[in-house]
Amino acid sequence: MQSASNRRTFLQAAAAVMAAAPLASGAAVPATATLSERRKLGALEVSSIGLGVQNMSRTYQTTVPNRPEMLNIIRTAFERGVTFYDAAEAYGPHEVERILGEGVAPFRDQIVIASKFGWNIDLETGQRRPGLNSRPEHIRQAVDGMLKRLRTDRIDLLYQHRVDPQVPIEDVAGAVQDLMKAGKVRHWGLSEMGLQTLRRAHAALPLAAVQSEYSMLWRGPEESVLPLCQELGIGFVPWSPLGVGFLTGAIDLNTRFADGDIRKVEPRFAPDNLPNNLALVELVRRWAWRKQASPAQIALAWLQAQRPWIVPIPGTTQMAHMLDNIGAGALRFTAAELAELNQSVAAIHIQGARLPDAVLTFSGVEAPLK
Ligand SMILES: NC(=O)c1ccc[n+]([C@@H]2O[C@H](COP(=O)([O-])OP(=O)(O)OC[C@H]3O[C@@H](n4cnc5c(N)ncnc54)[C@H](OP(=O)(O)O)[C@@H]3O)[C@@H](O)[C@H]2O)c1
């Protein structure tokens, strides 16, 4: 049996371990962490980490998050320095813009709202129809709907969600320019576009940002998109910066996804590919220990270290995760550390496509010539 003094020593030691223990999923970042760094996307200034709100009406696991708590996360993010919120008419559809509009209403003028048009969504009902729709008249009407749902008179950063193979990008730029003249849009961007379309769009109406998938898990933009953004002076916003949760350590060999969770049909998360691909999670975990950070913070800080005009938008429906993610703003790699980490990431060859073919077919598309 333990003596009283042994027990006291044990409790003291346990308390010391707890005090030194990481707070949120392995992070040593204090719960009071705030984000003070600002970055430029073209001429648009935003916090160095944003908040992706896509899942605030329905999570990847297909559950419905508690709405008051989503509003709380949106508002707490602002109190901690986040000024960049990423939505789209397709999220929900429509419902996420309503949640964001309600959440940011008290401080709307102090933040940047990004939203996106381009999927073929019924303007009234929000029903998703097959394919895309970037016809100029549809864009104008879609933006009017966004403004109502977001409770605002302007979208700070309006993206075309995917290139419409039926509509020349110059016509899309013309519609956006008209919206800018009317004061309804401030800046614009493209998502997952082809390279020539990016050049043509920027020539027609200068872009602030490109938003495409980029993370330690998917490094596709490094080859051509990032160099072109650099050449044209366009900022880059990586979507799924945490590898859709993979890089946080939330997925292991035995993880199987719910029906309706997109990750179920992403070949990179197929049971056959997980054993190989989890080497990347091991690498991130090792760096998390080394830097006294969480895996999510390593993934986000790595992205930020690649270029000074990269602004990740991690998505979350959990307060602790949002706080964990903004803690990445304080994490820095030395030049030697970054070179070592980049080399280790590059040495891991991810097996399996990032998206199913039916979704990938919308990426890298070139708009028709005018
Ligand atoms: N342009 C496009 O085509 C496109 C496509 C996809 C996404 N996006 C945008 O990018 C944003 C982010 O992408 P994403 O949500 O797909 O992927 P992500 O940010 O890479 O990962 C989100 C997942 O990670 C979990 N997570 C977040 N922070 C965590 C942390 N600190 N520790 C552990 N788990 C954490 C989230 O679950 P919890 O909710 O449980 O935290 C969620 O399952 C979206 O909200 C959206 O705005 C754009």
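Strand 10, residues 209-213, is mostly covered, with five of its five residues buried; a residue counts as buried if 20 or more other C-beta atoms, placed from the backbone, lie within 10 Å of its own. Strands here are DSSP runs of E of at least two residues, helices are runs of H or I of at least four, and both are numbered from the N terminus. Please note that this is a predicted model, in which local features need pLDDT of at least 70, side-chain atom pairs count only at pLDDT 80 or more, and totals for chains, interfaces and linings use all residues. Residues are numbered from 1 along each chain as its sequence is written.

Let me turn to the neighbours of this strand. Strand 9 (residues 185-191) runs parallel to strand 10 and is joined to it by three bridges; pairing requires at least two DSSP bridges between two strands. Leucine 190 has valine 210 as its bridge partner in strand 10. Valine 210 in turn has phenylalanine 236 as its bridge partner in strand 11. Strand 11 (residues 235-239) is also parallel to strand 10, through five bridges. From strand 10 the chain passes through helix 7 (residues 225-232) to strand 11 in a right-handed β-α-β crossover, that is, clockwise from the first strand over the helix to the second when the strands point away from the viewer. Strand 9, helix 6 (residues 195-204) and strand 10 likewise form a right-handed β-α-β unit.

Finally, alanine 299. Beyond its neighbours within four places in sequence, alanine 299 has contacts that include Ser215, Met216, Pro241 and Val284, a contact being two C-beta atoms, placed from the backbone, within 7 Å.

Key:
A residue is buried if 20 or more other C-beta atoms lie within 10 Å of its own, exposed if 12 or fewer, and partly exposed in between; C-beta atoms are placed from the backbone.
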